[in-house]
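Subject: Structure handover and findings

Dear colleague,

Please find below the structure that I am handing over to you.

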Amino acid sequence: TNHKARFRRGTALARLGKHTEAAADLNKARRALPQDKAIRRELKQVQEALKVEEEASRNRSGLAHLRQKLEDMPDDSFSMQDAMKEVERMAKQLPTSSLKEVLQPDEG
């Protein structure tokens with residue numbers, strides 16, 4: 001049925017990392033088949049992945065903002081050691097790939 005197809009497509013999208021699209025399909029399938037445990041389980045996993053992505057995005061934005069703020073400050077108005085400690089503290093909350101994006105942004 002259409003609901004099973006939505007479940008399969010939602011599952012495939014989740015495996016491809018397209019969690020927002022996957023959630024849309026899985027929510028439609030869940031509304032049609034609210035008792036289906038497989039749909040509920042997959043939707044829960046996708047929702048958890050979306051939460052992780054959202055948190056990582058907030059952390060990346062915060063680190064990028066801090067980096068820009070540090071670059072804009074005159075050299076004598078802050079302690080580089082204190083600033084690096086703060087950057088390191090925030091960086092521990094990021095996945096490795098996100099940290100690389102912040103510390104070495106694309107120049108172009």
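This is a predicted model: local features need pLDDT of at least 70, side-chain atom pairs count only at pLDDT 80 or more; totals for chains, interfaces and linings use all residues.

Overall fold

The chain contains five helices and zero strands, and its pattern along the sequence reads α-α-α-α-α. Of the 108 residues in the chain, 25% are buried. Taking the contacts between residues at least 6 apart in sequence, 53% join residues at least 24 apart.

Helix 1 against helix 2

The axes of helix 1 and helix 2 lie 8 Å apart, and the two helices pack at an angle of about 155 degrees. Because angles over 145 degrees count as roughly antiparallel, helix 1 is roughly antiparallel to helix 2. The crossing of helix 1 and helix 2 is left-handed.

On the side of helix 1, the residues that meet helix 2 are His-3, Arg-6, Phe-7, Arg-9, Gly-10, Thr-11, Leu-13 and Ala-14. Their partners in helix 2 are His-19, Glu-21, Ala-22, Asp-25, Leu-26, Lys-28, Ala-29 and Ala-32. Sorted by class, this contact comprises seven nonpolar, four polar and five charged residues.

The nonpolar core

The largest nonpolar core has seven residues: Leu-13, Ala-14, Ala-22, Ala-23, Leu-26, Leu-43 and Val-46. Helix 1 (2-15), helix 2 (19-32) and helix 3 (37-72) are the elements that each give two or more residues to this core. Helix 2 gives the most, with three residues. In soluble globular proteins, nonpolar side chains tend to be buried together.

Leaving aside neighbours within four places in sequence, Val-46 is in contact with Ala-14, His-19, Ala-22, Ala-23 and Leu-26.

Which residues does Asp-25 contact, leaving aside its neighbours within four places in sequence? They are Arg-6, Arg-9, Gly-10 and Leu-13. Asp-25 is located in helix 2. Its relative accessibility is 5%, so Asp-25 counts as buried, the cut-off being under 20%. Asp-25 and Arg-6 are 19 residues apart along the chain, while their C-alpha atoms are separated by 5.3 Å.

Glu-42 belongs to helix 3. With a relative accessible area of 7%, Glu-42 is buried. Not counting residues up to four places away in sequence, Glu-42 touches Phe-7, Thr-11, Ala-14, Arg-15 and Leu-26. Two of these contacts, Ala-14 and Leu-26, are members of the largest nonpolar core.

With kind regards

Technical notes. Residues are numbered from 1 along each chain as its sequence is written. Side-chain values use heavy atoms; hydrogens and water are left out. A nonpolar core is a set of buried Ala, Val, Leu, Ile, Met, Phe, Trp, Tyr and Cys residues joined through side-chain atoms within 4.5 Å. Buried means under 20% relative accessible area, exposed over 50%, partly exposed in between (1.4 Å probe, protein chains only). Helices (H or I, at least four residues) and strands (E, at least two) are DSSP runs, numbered from the N terminus. Contact means heavy atoms within 4.5 Å. Axes are lines fitted to C-alpha atoms, for helices over the stretch in contact, and angles run from 0 to 180 degrees between N-to-C directions. Angles under 35 degrees count as roughly parallel, over 145 as roughly antiparallel, 65 to 115 as roughly perpendicular and the rest as oblique. A crossing is left-handed if the near helix is turned anticlockwise from the far one by less than a right angle, and right-handed if clockwise. Ala, Val, Leu, Ile, Met, Phe, Trp, Tyr, Cys and Pro count as nonpolar, Asp, Glu, Lys and Arg as charged, and the others, Gly among them, as polar.
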